[in-house]
Amino acid sequence: MMPEGERPAVHHPEGQEEEGMALLQNERATSSVRPEAMATFIFGGQKALARRLQAFSFIEADPVFDTSDRKHLDQTGRYLRSSEKAVHLVLKCRQLGMPNEQMLDILNTALDEITPIDVHIKMAIPTLMHQTTPEQRAKWLPLAQDFRILFAYAQSELGHGSNIRALETTAKYDPQSESFILHSPRGESAKWWPGGLGKTATHAVVLARLLVGGKDLGLQSFIVQLRDMQDHSPLSGVKLGDIGPKLGFMSVDNGFCSFDHLRVPRENMLMGLAEVTKEGVYRKVRREGSGGEKILYGAMLDVRAGLVERGGATLARALTIAVRYSAVRKQGFVPASSSSSSKERELQVLDYPTQQQALMPLLAWAYALQITGQFMRRLYRAYLEDLDLSLLPEVHALSSGLKALTGDVVSGGVDTCRRMCGGHGYMLASGLPELFQNYTAVRQAEREGSREGGGNRERFEQDTILIHPPFLPL
C-alpha cells in the first residue's frame, strides 16, 4: 500500500510524450503569430512583460508556492495552505520592495491562488485611502499596509446583497458616550459573504445605516474591530464565523458577522466626506481636491475593469488547456487513399471543424476582453486625474454592461473548453473544473446584482457613491 497522501507517478508510453511535444511545435511553427510580440502587446510593453515573467520565475522557484497538493486538500487544508502562501508572499515582496498593488496584479497571476488577504489589499486599503480624513489615514493606513491588522469589507447581508437601500445593519449615535451602537436587528441582517471574514480578519469596514437623532441618514462606513488582537477571539457583541463550503474559492474564508449593540468610537466612522460631531450633528464635508462624493465611485469602476480583464485572462487559461489538448489528442483516421502517406493517418482533434468552431471564437473573445479591460482601466485613471464627472453616466453604463457580458461569455466559455476536452476535462488535474467553479461565482454575483438593483436607477446612483459592489473574492 502507498503511504497516505502520496500519489502514483504517471508513466507515459515510450515516445508518446515526445510525439505530443512534436505536434505542439509543429502547430507553433506553422502559425504566423509571433508569441513574444503578442505578449508584449497584451501585457503593456516589454518592461511590464519582463516583470510578469520575473514573477512567474519567482513563484516557480519557491517550494512554498507549490500547487501539486491542491487538488487533494479539503476546505480547511486549502485555507491553511493559501494563508501560508499569503504570508510568504508578503514577506517575499517586502524583500523585493514591491508595492501591494503590483503584488496582487502580477504575483497573484503567477501564484494561481486567491488568498484570504486579497480583499484587504484590493478593497479595504483603497477605502482607507479615499474615504478617511488625514488624521484617520495617519492612524489606520500604516497598520493596514504593514499587515498589523487585517480587514474584511462587510457590505452584503444574508437578506440583501447589491440592493444596498435595503441593508439593515444600523449604527445609532450616542452623544453621551460619543460612540455608535452597531446592531443587527434580525438574522437576515448578518453580514454574509465577505472574503477573509470567516477566520482571518481582525477588523472590517462595515456598511451600516447611520441613525442620528432619530433620523435615518443612509449608509455610512465604519472601522470595526472584530477580534481580540492577542488571542484572535471574537469581541463581546460580535458573532462571526465561516459560511462553509462553496462551489469555488475554497482557499478563501468567506464569512458571516452580526452585531449585538456593539459600541464603536465616533472616530471610527469614515469621515472623509461626511462627519458626525461630538454633539451629534451630521454634515457633509467637501475637501479641497477630492472631487466630492462621486470620486469614490471610481473605485467601483476599477473593480469592474478588473473583472473584465481578469475574465479575459481566465478564458485564455482555459483555452490554453483546451487548444493544446486538441493539438495533441488524436481521434479517427484519414484513409490511406486520402492521405499522402501509404498508411492511415490518425487525426488531431484540432483538425475537426466542430472543435475549431467551438474554440476559435472564444479565443477571439479572450483577446477582446483583456484589451477592453485595459481600456477601462485607462479610462478610470483618466477619470481620477481629470475629475471629469460628466463621464460618469457613460462610464457607469459601459462598466455595468461589460461586467454582465464578461460573466456570461467567460463562464460559458470555460465550460465549453471543459466539454471539448472530453473525459480529460472532467478531471481536476486538467485545471478546468476549478476554473469553471471559481468563475461561476462571478457570474452568480452579477446575476444577484442585476436582479436586486433593477428599476432603482436614481436611488442607485445616490447610494453607490459611498460603497463598493458586493464582494466575492476575485
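**Figure 1. Phe 147 in the loop between helix H7 and strand E1.** In this predicted model, Phe 147 is found in the loop that links helix H7 (134-145) to strand E1 (151-154). Its phi is near 60 degrees. That is a positive value, and the residue is not glycine. Most residues other than glycine have a negative phi. Phe 147 has a relative accessible area of 17%. The cut-off for buried is under 20%, so Phe 147 counts as buried.

Figure 2. Is Glu 178 buried or partly exposed? Its relative accessibility is 30%, so Glu 178 counts as partly exposed.

**Figure 3. Packing of helices H6 and H7.** Helix H6 covers residues 118-130. H6 packs against H7 at an angle of about 165 degrees. The two axes are 9 Å apart. Angles over 145 degrees count as roughly antiparallel, so H6 and H7 are roughly antiparallel to each other. Their crossing is left-handed.

**Figure 4. Residues at the contact of H6 with H7.** Which residues of H6 meet H7? H6 contributes His 120, Ile 125, Leu 128 and Met 129. On the H7 side are Arg 137, Trp 140, Leu 141, Ala 144 and Gln 145. By class, six residues of this contact are nonpolar, two are polar and one is charged.

**Figure 5. Arg 70 and the residues it touches.** Arg 70 lies in the loop between helix H3 (46-60) and helix H4 (75-96). Its relative accessibility is 6%, so Arg 70 counts as buried. Which residues does Arg 70 touch, leaving aside those up to four places away in sequence? They are Arg 78, Asp 112, Glu 113 and Glu 434.

**Figure 6. The whole chain, for orientation.** The protein chain has twelve helices and 13 strands. Of its 474 residues, 49% count as buried. The accessible surface comes to about 24,000 Å². Carbon and sulfur atoms account for 54% of that surface. Take the contacts between residues at least 6 apart in sequence: 68% of them join residues at least 24 apart.

Methods: Residues are numbered from 1 along each chain as its sequence is written. This is a predicted model: local features need pLDDT of at least 70, side-chain atom pairs count only at pLDDT 80 or more; totals for chains, interfaces and linings use all residues. Side-chain values use heavy atoms; hydrogens and water are left out. Helices (H or I, at least four residues) and strands (E, at least two) are DSSP runs, numbered from the N terminus. Buried means under 20% relative accessible area, exposed over 50%, partly exposed in between (1.4 Å probe, protein chains only). Contact means heavy atoms within 4.5 Å. Accessible areas come from the Shrake-Rupley method with a 1.4 Å probe; for residues, only the protein chains shown count as cover. Axes are lines fitted to C-alpha atoms, for helices over the stretch in contact, and angles run from 0 to 180 degrees between N-to-C directions. Angles under 35 degrees count as roughly parallel, over 145 as roughly antiparallel, 65 to 115 as roughly perpendicular and the rest as oblique. A crossing is left-handed if the near helix is turned anticlockwise from the far one by less than a right angle, and right-handed if clockwise. Ala, Val, Leu, Ile, Met, Phe, Trp, Tyr, Cys and Pro count as nonpolar, Asp, Glu, Lys and Arg as charged, and the others, Gly among them, as polar.
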